[in-house]
Amino acid sequence: MKTRVFSALSGLLLALSAAVFVAAPGAQAATGPETVAEALKDGPVYVDPRASAQLSQADADALAKKIEKADKPVFVAVLPESAEFPADSVLRTLRTETGITGLYAVRLGDGFDAGADRSVMSGQAVRNVTDAVKATGSVDAETQLNNFVDQALPQTRGSAPASWDTASQEGASTTTLIAAGVIAVAGGAGAYTIVRRNRAKMAEREREALDKLRVVVDEDITAFGEELDRLDFHPGEPGADDAMRKDYEHGLDSYEKAKSVMASARRPDDVRGVTEALEGGRFSLASLAARREGAPVPERRAPCFFDPRHGPSAEDATWAPAGGTARTVPVCAADAVRLREGHDPMTRTVETADGRRPYWEAGPAYGPWAGGYFGGGILPGLLVGTTLGSLMSSPAYASDYGAGYEGGDYSGGDFNGSDFGGDFGGGGGFDAGGGF
């Protein structure tokens with residue numbers, strides 16, 4: 001049996017070797033998106049044989065090593081202008097065929113463009129980097145691509161895909177093609193290994209994200225418990241009625257639910273249930289306080305944008321993040337006064353790699369936390385132009401963190417075209433000059 005298996009593999013290797021040598025004279029044959037995608041699954045840089053004059057093998061290898069060393073999901077393709085690579089669709093096609101979330105850059109003839117999944121880089125960031133590269137004018141491919149990669153790597157989120165074998169990325173060779181044939185024989189096991197590694201990476205990222213969130217959520221739960229204590233309501237106190245007791249009971253239930261959900265949380269998305277409970281509980285406490293004072297029961301409004309611990313908002317106000325455009329946000333009465341007087345609002349900050357920053361300048365892990373407070377898909381609109389806002393493209397933003405894909409993950413064709421942001425369709429396109 002072993003002899004027959006060995007013979008079959010030997011025959012396959014010989015056939016592949018023969019195919020390599022037969023194909024060598026036709027190295028300039030046309031290739032298509034599928035060929036490019038298969039190459040990008042194995043390494044970050046692909047140069048079409050018909051465009052080899054644009055980027056030498058040595059320059060392509062150096063660029064690939066730079067990307068691999070940074071451990072980022074950045075893909076670069078140097079392609080000829082041909083019917084196989086339509087300028088208006090080549091980026092999306094390569095992303096679909098490759099099936100890996102990342103930042104894709106294409107040198108098409110003398111033109112250049114790029115696109116990325118939002119989990120890897122925001123559409124605005126892609127446009128900014130692409131425009132900066134185009135602004136240098138018509139330059140050789142080696143200079144242009146290195147300029148792009150140098151600017152893009154520090155801004156790219158995620159890690160290199162598990163399918164890259166950085167120890168053997170030395171360009172296409174007979175040995176590589178033969179090895180590919182052997183891998184194809186055991187493709188099922190290889191695919192399983194890649195999926196398992198991706199799942200392990202995702203699980204580790206989720207654990208790290210949940211640890212960050214746990215600190216913030218515990219602060220929120222503690223603050224809500226302190227509000228209950230300050231309220232000092234007793235169901236049997238003089239003047240208490242059924243409506244008050246119902247509000248108080250709901251507040252207590254929300255407090256217990258928040259603690260219970262957080263204790264059983266296993267993924268970042270589980271945190272959404274905690275902040276949903278706290279948001280509802282705070283409205284009940286605000287209603288109870290109004291009833292005790294004989295004031296009108298407040299309107300059910302979104303929490304204060306600057307810090308949901310401030311309770312339900314009292315009004316809408318105009319505000320703009322640093323360097324961003326103005327937008328209308330719900331604010332509590334105290335922050336509304338601060339804004340009118342020209343002062344900064346009392347903003348909720350969280351720990352980041354750069355120290356304490358407003359929650360909207362933190363990473364994607366805070367999407368579920370914020371989404372539980374601001375349901376109904378309103379948060380992305382409030383956060384347009386901010387770090388967290390760039391990661392939220394649909395009402396499902398807060399539930400996508402744990403189930404979705406990050407940079408370097410294999411997703412196949414499972415990605416939202418509107419989430420794959422870049423210059424195409426927006427005015428830039430594949431031009432060799434300074435853009436539009």
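## Working through the fold

With a relative accessibility of 0%, Gly102 counts as buried (under 20% relative accessible area with a 1.4 Å probe, protein chains only; exposed is over 50%, and partly exposed lies in between). The model is predicted, so to speak of local features takes a pLDDT of at least 70 and side-chain atom pairs count only at pLDDT 80 or more, while totals for chains, interfaces and linings use all residues. Residues are numbered from 1 along each chain as its sequence is written, and side-chain values use heavy atoms, leaving out hydrogens and water.

**Exercise 1.** Place Gly102 in the chain and find how far its C-alpha atom is from that of Pro73.

*Solution.* Start with the local setting: Gly102 sits in the loop between helix 4 (90–98) and strand 3. Helices (H or I, at least four residues) and strands (E, at least two) are DSSP runs, numbered from the N terminus. Next, look across to Pro73: the two residues are 29 apart along the chain, yet their C-alpha atoms are separated by 4.9 Å.

**Exercise 2.** Describe how Phe75 and Tyr104 are paired, and say whether they are buried or exposed.

*Solution.* Begin with the whole structure, where a search turns up 16 aromatic pairs. Rings of Phe, Tyr and Trp (its six-membered ring) pair if their centres lie within 6.5 Å; planes under 30 degrees apart are stacked, over 60 edge-to-face, and the rest tilted. Phe75 and Tyr104 make a stacked pair, at 4.6 Å centre to centre with 15° between the planes. Elsewhere, ring pairs join Phe305, Phe306, Trp319, Tyr359, Trp360, Trp369, Tyr373 and Phe374 into a cluster.

**Exercise 3.** Work out how helix 3 and helix 6 are arranged and which residues meet.

*Solution.* First the geometry: the axes of helix 3 (residues 57–70) and helix 6 (residues 141–152) come within 11 Å and cross at roughly 0°. Axes are lines fitted to C-alpha atoms, for helices over the stretch in contact, with angles from 0 to 180 degrees between N-to-C directions. That makes helix 3 roughly parallel to helix 6 (under 35 degrees; over 145 is roughly antiparallel, 65 to 115 roughly perpendicular, the rest oblique). Then the contacts (heavy atoms within 4.5 Å): Asp59, Leu63, Lys66 and Ile67 of helix 3 meet Glu142, Leu145, Asn146, Val149 and Asp150 of helix 6.

**Exercise 4.** Locate Asp71 and Asp232 and give the phi of each.

*Solution.* Take Asp71: it is not a glycine, but has a positive phi of about 55°. Asp71 lies in the loop between helix 3 and strand 2 and is partly exposed, at 38% relative accessible area. Now Asp232, also not a glycine, with a positive phi of about 50°. Asp232 lies in the loop between helix 8 (187–231) and helix 9 (242–264), partly exposed at 47%.
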